[in-house]
Amino acid sequence: MKLNAEEHKMLDGNEGPATQKAMQILSTLGKIYGAKELIPVSSVQIAGVSYDNLGEAGLKFLDEMAKGGGKTRTLTTLNPAGMDIENWENLGISSEFAKNQNRVLEAFSSMGVITTCSCTPYLVGNNPDYGDTLAWSESSAVCYANSVIGARTNREGGPSALAAALTGKTPAYGFHLEENRKPHIHIHVNTPINGTYQFGALAFVISEKLNSNTKNIPYISGIPSASLEELKSFCASIATYAGLALFHMEGITPEANLYKQPTETVDISADQIEKAKLKMSSSVAYEEIDFVSLGCPHLTIKEIARIAKLLKGKKVTKEFWITTGRPIKKTADTLGYTDIIEESGAKFATDTCCVVAPIKGRFNTLITDSAKACYYGSTKNNFKTILRSFDEVVKAAIK
Ligand code: F3S
């Protein structure tokens, strides 16, 4: 891979050991993937923030980069941490975990990373434009950026995203190149799809058709409209179940009209969507639900307004986590939604989520509208899961 003079200086250590390490990571990646050059990035989003996932080994790497003089050269935010940074005790997080989580955040902060912890960076100020070059990590956000915004990013690991932040560069391969963004298969949806949980179920069905081949970029038709909330749910689910980082949706995503429909077509029926919902739900009675969570991916202010409307004057009977980014929570505070929600007994789990928080063993059965939360709730935290519509989830909390 060809490096320019500035990049060679970084690789030779002239800009400090952290920048040198970052450039080593990027040039190694570039060689592995056959990139011809590095290209500038306008935004970075780093995953692997929860101490639950990082552990001491991950923290040691961050400390070394911070002590080695690493400083961000572009707008950089974080994925969810393992706790609500301001209100962790209320979520039952131990002081030992909180101490370690804060060490992680301090290491990022000392390198100039904005410690806004959200998997929906596009809602909290890290909001790229069509055609921008990014280095993002969170799989649902990567899929959203490529598909819904029309920006360009590979799915970075935590270290390579940090390396991009400290150098301002990423290797030009994968989804940065026009030839890798073309659709391969036409998916036609023959049934109305409404609500976040149905979009999650649709992505599950499409994933089964794609056989987890990440080269199978789908061109999806038959969806007349989709809200931001529905698209973020779809992105999270298709990234989880098919490992996809890009899709095109006719009349909805900005690059869809750049390409012809692929000739191979697969139809999706209402029956298949119903079966997908059942597959993601365990056969448990509603009485067994002891954990309710909305906000995978992190909630918009519109979704929080809906929860406040449904909970007004009611009391929840189960642990109910509402997960979102800190700037959205602050808007909810200002608009009075937080008071209504907290009066009901539901809890904001800001900066974190029901998957990355250290809650394995605390609950048995999770109800959610998120297909992604169903997958990780069962595989990471051993929860039984129930997938329902957004409103049904809120109603389950007050039953
Ligand atoms: Fe976000 Fe956590 Fe879901 S990081 S996409 S809320 S698993």
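Which helix contributes the largest share of the lining of the largest cavity? The structure is a predicted model, in which local features need pLDDT of at least 70 and side-chain atom pairs count only at pLDDT 80 or more, while totals for chains, interfaces and linings use all residues. Residues are numbered from 1 along each chain as its sequence is written, and side-chain values use heavy atoms, without hydrogens and water.

The largest share of that lining, three residues, is provided by helix H8 (residues 228-242); helices (H or I, at least four residues) and strands (E, at least two) are DSSP runs numbered from the N terminus. A cavity is a set of points on a 1 Å grid over the protein atoms alone where a 1.4 Å probe fits but cannot get out, and lining residues have an atom within 4 Å of a point. Among the lining residues are Thr196, Glu229, Lys232, Ser233, Asp369 and Phe390.

Strand E11 (residues 319-324) is mostly covered, with six of its six residues buried, that is, under 20% relative accessible area with a 1.4 Å probe, protein chains only. Glu319, Trp321 and Thr323 point one way from E11, whereas Phe320, Ile322 and Thr324 point the other way. E11 pairs in the parallel sense with strand E10 (residues 291-294) over four bridges, pairing requiring at least two DSSP bridges between two strands. Trp321 of E11 is the bridge partner of Ser293. Four bridges also join E11 to strand E12 (residues 347-350), which run parallel, and there the bridge partner of Trp321 is Lys347.

Technical notes
Buried < 20%, exposed > 50% of the residue type's maximum accessible area, 1.4 Å probe, protein only. 1 Å grid on protein atoms, 1.4 Å probe; cavity = no way out; pocket = protein on both sides within 12 Å on 5 of 7 lines; lining within 4 Å.
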